[in-house]
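Here are some notes for a colleague who is opening this structure for the first time. They go from the chain as a whole to the strands and then to a group of aromatic rings.

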Amino acid sequence: MLDQMEFSGDLWLSPGPGGWTFITLPKECADQIRFLTGSRKGKAWGMIKVKARIGSSAWQTTIWPDKASGSFLLPVKTAVRKAEKISSGDRADVVLTVMAGSEI
């Protein structure tokens, strides 16, 4: 594992198909991730493997680069939202760990 960071973020529901729920990472976290992982252009659309934890729920996923915010999006799956009793519009404390060999 490369590094761990903690932040708070608001959950929001994507208007697109599938109804994905995300947290946009703070810019400082995105900058730190880019420093740790280097450029991922051309590698799986810039997705980076991470471990995430909200409350007592932990899962592995990928964060997605987001041109609109200049940051990354953390998808928060239904099982985590149900277990932690959170939904779109709520604020959550996140612990995020960038995985070694994070290229996908």
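1. A residue is called buried here when its relative accessible area is under 20%. On that basis, in this predicted model, buried residues account for 40% of the 104 residues in the protein chain. The accessible surface of the protein chain comes to about 6,000 Å², and 54% of that surface belongs to carbon and sulfur atoms.

2. The protein chain contains two helices and six strands, which follow one another along the sequence in the pattern β-β-α-β-β-β-α-β.

3. Strand E3, covering residues 48–54, pairs in the antiparallel sense with strand E4, covering residues 57–66, and seven bridges connect the two. Within this pairing, Val50 stands opposite Thr61 of E4. The hairpin of E3 and E4 has two residues between the strands, and in this hairpin Gly55 takes a positive phi near 60°.

4. Strand E4 is also joined to strand E5 (residues 71–75), with which it runs antiparallel, by three bridges; Pro65 has Phe72 in E5 as its bridge partner. In the hairpin of E4 and E5, where four residues lie between the strands, Gly70 takes a positive phi near 75°.

5. Which residues do ring pairs link into a cluster? They are Trp12, Trp20, Phe22 and Trp64, and a search of the whole structure finds four aromatic pairs. The ring centres of Trp12 and Phe22 are 5.2 Å apart with the planes at 35°, so this pair is tilted. Because Trp12 lies in strand E1 (residues 3–13) and Phe22 in strand E2 (residues 21–24), the pair ties together parts that are 10 residues apart in sequence.

6. Is Phe22 buried or exposed? Phe22 is buried, its relative accessible area being 3%, a value that falls under the 20% cut-off. The rings of Phe22 and Trp64 have their centres 5.0 Å apart and their planes at 70°, so that this pair counts as edge-to-face. The pair links distant parts of the chain, since Phe22 belongs to strand E2 and Trp64 to strand E4, 42 residues apart.

How values were computed
Residues numbered from 1 in each chain as written. Predicted model: local features only at pLDDT ≥ 70, side-chain atom pairs only at ≥ 80, totals over all residues. Heavy atoms only, no water. Pairing = 2+ DSSP bridges. Buried < 20%, exposed > 50% of the residue type's maximum accessible area, 1.4 Å probe, protein only. Areas by Shrake-Rupley, 256 points an atom, 1.4 Å probe, with all protein chains shown as cover. Phe/Tyr/Trp six-rings, centres within 6.5 Å; stacked < 30°, edge-to-face > 60°.
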